[in-house]
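Trainee: I'd like to take a close look at one part of this structure with you. Could you walk me through it slowly, and then work outwards from there?

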Amino acid sequence: TANISGNLTISSTGTYTCTNSPTINVGGNWTNNGTFTPGTGTVTMNGSTQTISGTSTSFYNLTLSGSGTVTYTATAASTTNVLTVISTETLQLNGTNSLTPVSAVVNGTVTVQNTASFVKGTGAISFTSGSTYNHAQNAGTIPTATWNTASTCLITGATTTAPVGYNQTFGNFTWNCAHQRKNYLYLDATTPNMSIYGNLEVDNTDSANFMINQDIEIHKDLI
């Protein structure tokens, strides 16, 4: 186990090679502009406000166990084996590329901004009870996931184009787009298959409208 209370930086000519299955605990920021060979180890970000950045930001297992926000600004598409986000942590994706875990367990919050994306790999993305996915970008795609009935898919960034990827089974689904500009933004699909086992909540459409142009199954309340 390596315990690093501050920042870890791999320069453009640097290498960090792991053998076997080590644990690397990082309390500061992670910057990799060189070569990181993770083996089958786990990198744990356990600080409060942290960043993951660099030209290469792929891990094997990545665990966010702190009590604040980890901002992921990858300049290259990144993959993990298992991604874990605990309940007190927020993973904020605000770069221009994708984070594609083989599998992920989200107990906290994942926020997607700019043109970043959170993409399902060969395993499952699971949003557990009390967790939130915040789609804080215009357009884009909601990740295909397994949503606990007490989880929330929150749409906050739609301005002129609604996201796609909503034809799945959600817990709670909330539309709260304070800067919506297009008069009508709607959920529409050729093959509708959207179910909400919690509440469908429309909080803010600015001065525009939110429409559902398909059949939808709501198990609790329309708010």
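Which side chains meet in a salt bridge here?

Mentor: Happy to. First, a word on ground rules: this is a predicted model, where local features need pLDDT of at least 70 and side-chain atom pairs count only at pLDDT 80 or more, while totals for chains, interfaces and linings use all residues. Residues are numbered from 1 along each chain as its sequence is written, and side-chain values use heavy atoms, with hydrogens and water left out.

Now to your salt bridge (a side-chain nitrogen of Lys or Arg within 4 Å of a carboxyl oxygen of Asp or Glu). The count is 1, and the partners are R181 and D206, at 2.4 Å from N to O. R181 sits in the loop between β21 (172-176) and β22 (184-187), and D206 in the loop between β24 (200-204) and β25 (209-212), so the contact ties together parts that are 25 residues apart in sequence. R181 is exposed, with a relative accessible area of 53%, whereas D206 is partly exposed at 37%. For the wording, buried is under 20% relative accessible area, exposed over 50%, and partly exposed in between, with a 1.4 Å probe and protein chains only.

Strand β22 also holds Y186, which is partly exposed at 39%. Together with Y184 and M211, Y186 makes a nonpolar surface patch with about 300 Å² of accessible area. Patch members have over 30% relative accessible area and no salt bridge; like charges are joined within 9 Å, and nonpolar side chains (Val, Leu, Ile, Met, Phe, Trp, Tyr) within 5 Å. The areas come from the Shrake-Rupley method with a 1.4 Å probe, and for residues only the protein chains shown count as cover.

Next, the rings. There are 10 aromatic pairs in the structure; Phe, Tyr and Trp rings (the six-membered one for Trp) pair if their centres lie within 6.5 Å, with planes under 30 degrees apart called stacked, over 60 edge-to-face and the rest tilted. One of them joins W30 and F36 edge-to-face, at 4.9 Å between centres and 75 degrees between planes, and both residues are buried. Then take F127 and W147: their centres are 4.5 Å apart and their planes at 5 degrees, so this pair is stacked. F127 belongs to strand β16 (residues 125-127) and W147 to strand β18 (residues 146-147), so the pair links parts 20 residues apart in sequence. F127 is buried at 1% relative accessibility, and W147 is buried at 7%. Ring pairs also draw Y133, F170 and F173 into a cluster with F127 and W147.

Y133 lies in β17, opposite V110; β17 (residues 132-135) runs parallel to β14, with 4 bridges joining them. Strand β14 (residues 109-112) is also joined by 4 bridges to β12 (residues 90-93), again parallel, and there L93 stands opposite V112.

As for F170, its bridge partner in β23 is I196. Strands β20 and β23 (residues 194-196) run parallel, joined by 2 bridges, within an open, parallel sheet of 3 strands ordered β20-β23-β26. At its edges stand β20 (169-170) and β26 (216-218), each with a single partner strand, so one side of each has no neighbour in the sheet.

Key
Two strands pair if DSSP finds at least two bridges between them.
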